[in-house]
Amino acid sequence: MTPSSSCSRPLVAVIGGGPAGLMAAEQLAQAGLRVALYDAMPSVGRKFLLAGVGGMNITHSEPAEAFVGRYREAAPWVGEWLRQLDGPALRDWIHGLGIETFVGSSGRVFPTDMKAAPLLRAWLKRLRDSGVQFHTRHRWQGWDARQQLSFITPDGRPRQVNADAVVLALGGGSWARLGSDGSWTALLRERGIAVRELLPTNCGFTANWSQYLRQRFAGQPLKQVIARFTDLDGQPHERRGECILTEQGLEGSLIYALSAPLREQIQRQGHAVLQLDLAPDRSHAQLAALLAQPRKGQSLGNILRKRAGLDALKSALLHECLDKSQLTDAEQLAGGIKALSVRLLGTRPLDEAISSAGGVMAQALDQRLMLRQLPGVFCAGEMLDWEAPTGGYLLTACFASGLVAARGVVDWLGS
Ligand SMILES: Cc1cc2nc3c(=O)[nH]c(=O)nc-3n(C[C@H](O)[C@H](O)[C@H](O)COP(=O)(O)OP(=O)(O)OC[C@H]3O[C@@H](n4cnc5c(N)ncnc54)[C@H](O)[C@@H]3O)c2cc1C
């Protein structure tokens, strides 16, 4: 790094004002360092605010072991960060901002008012009071020939910054209009940093629906179903919940939760087959017996509604995925209701996803989250190569890695 000017306190540049960057900035300021935070957007925390729109799920209350397991292959790595800031510690930190939290019935933790804006407001005030300098509309463009940080500023002119250390917290690649567009991947790869391709996760999937299904049912919820799926390692996955049938396929919390293994299977095999149980509270035998009774002139739709409790969308999905002989045989129809095979062909684009998989690989960083090839440059947040389902796990890892990177900076500057 090119050291900053003569001022005795070292200057740390934090680039990216999402939860990871803001947490890093707070820790650095508390450690007595000068902190300049840069963000490409006119204001910071835009994705954090969006996450608050449908109810800000900030962490989860489940026991540590289960919590860490949510990070799949990256569990040992993310587990190190969570040892420094886990769910309970994050809740304490939120309470310290004057925001109360509660645990929902699913174990998810929310601010009492479910919103992100009051939390962000209180936090930004505390950051400003502690001396963090904010430079918005500053898009980082890499390093110049003298190894200075290079930004494009609001007036379109370049600005070079010398800092004693840098924390990059540039986010993933989804919802680019909120600031994180993943353009940093090229900047780091140019410097020889190992970056895994950013891929959608917690995302929708495509299916080849008929025109009838699309036109008649797109946008409708598929309520109370169980989705089952066996991944490439033969590991079964099962989840009960709700999803939405879209023009292109399926999306929603039930599908998001299975998105990582589904995506991997599609990458490997070109498709994945999801088994949907459309009537989870009825057994195959019950359904088969009810469906075998004489129809008495009723349509199949009516029979499915009255005897199997299936709404019009579930009924239409059966017609979509089963052939005529299966629809007319009670045994086979009951089998279809209990395990309807839906063929998924791809993920929806990264930009639509809740979060990104991929990013700066663990091997490129030391334990302090400093890039081995660029001493003094640290990384945090969603730009690192981990993924997790929704449920507060995303934000918790972003906060925790921001804290770890900041402590790493303090350690590095001290040594
Ligand atoms: C719709 C939606 C709902 C969500 N809900 C939840 C939820 O309930 N719970 C949960 O845990 N997670 C949720 N998430 C995910 C969570 O919001 C993200 O994982 C988290 O914001 C990532 O934090 P971050 O600090 O790593 O990156 P970001 O929040 O993406 O921040 C990165 C910042 O870097 C800036 N930046 C990027 N490139 C540059 C550049 N070149 N120069 C300067 N600045 C740059 C961006 O402008 C941005 O401000 C949700 C996400 C979405 C999209």
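**Exercises on a ligand site and a helix pair**

By class, the shell around the ligand holds 16 nonpolar, ten polar and four charged residues (Ala, Val, Leu, Ile, Met, Phe, Trp, Tyr, Cys and Pro count as nonpolar, Asp, Glu, Lys and Arg as charged, the others, Gly among them, as polar). The model is predicted: local features need pLDDT of at least 70, side-chain atom pairs count only at pLDDT 80 or more, and totals for chains, interfaces and linings use all residues. Residues are numbered from 1 along each chain as its sequence is written, and side-chain values use heavy atoms, with hydrogens and water left out.

**Exercise 1.** State how many residues surround the ligand and which are the closest.

Solution. Step one: count residues with a heavy atom within 4 Å of the ligand; there are 30. Step two: the closest are Asp39, Asn57, Ser180, Glu382 and Leu395.

**Exercise 2.** Find the distance from a backbone N or O atom of Asn57 to a nitrogen atom of the ligand.

Solution. The distance is 2.8 Å. A polar backbone atom of Leu395 also lies 2.8 Å from a ligand atom, here an oxygen.

**Exercise 3.** Describe how helices α5 and α6 pack.

Solution. Step one: α5 (residues 87-96) and α6 (residues 117-129) meet at about 75 degrees, with axes 10 Å apart. Step two: angles of 65 to 115 degrees count as roughly perpendicular, so α5 and α6 are roughly perpendicular to each other. Step three: Trp93, Ile94 and Gly96 of α5 touch Leu119, Trp123 and Arg126 of α6 (contact means heavy atoms within 4.5 Å).

Technical notes
Polar contact = N/O pair within 3.5 Å; in protein donor to acceptor, adjacent residues only side chain to side chain. Axes fitted to C-alpha atoms, helices over the stretch in contact; angles between N-to-C directions. Helix = DSSP H or I, 4+ residues; strand = E, 2+ residues; numbered from the N terminus. Parallel < 35°, antiparallel > 145°, perpendicular 65-115°, else oblique.
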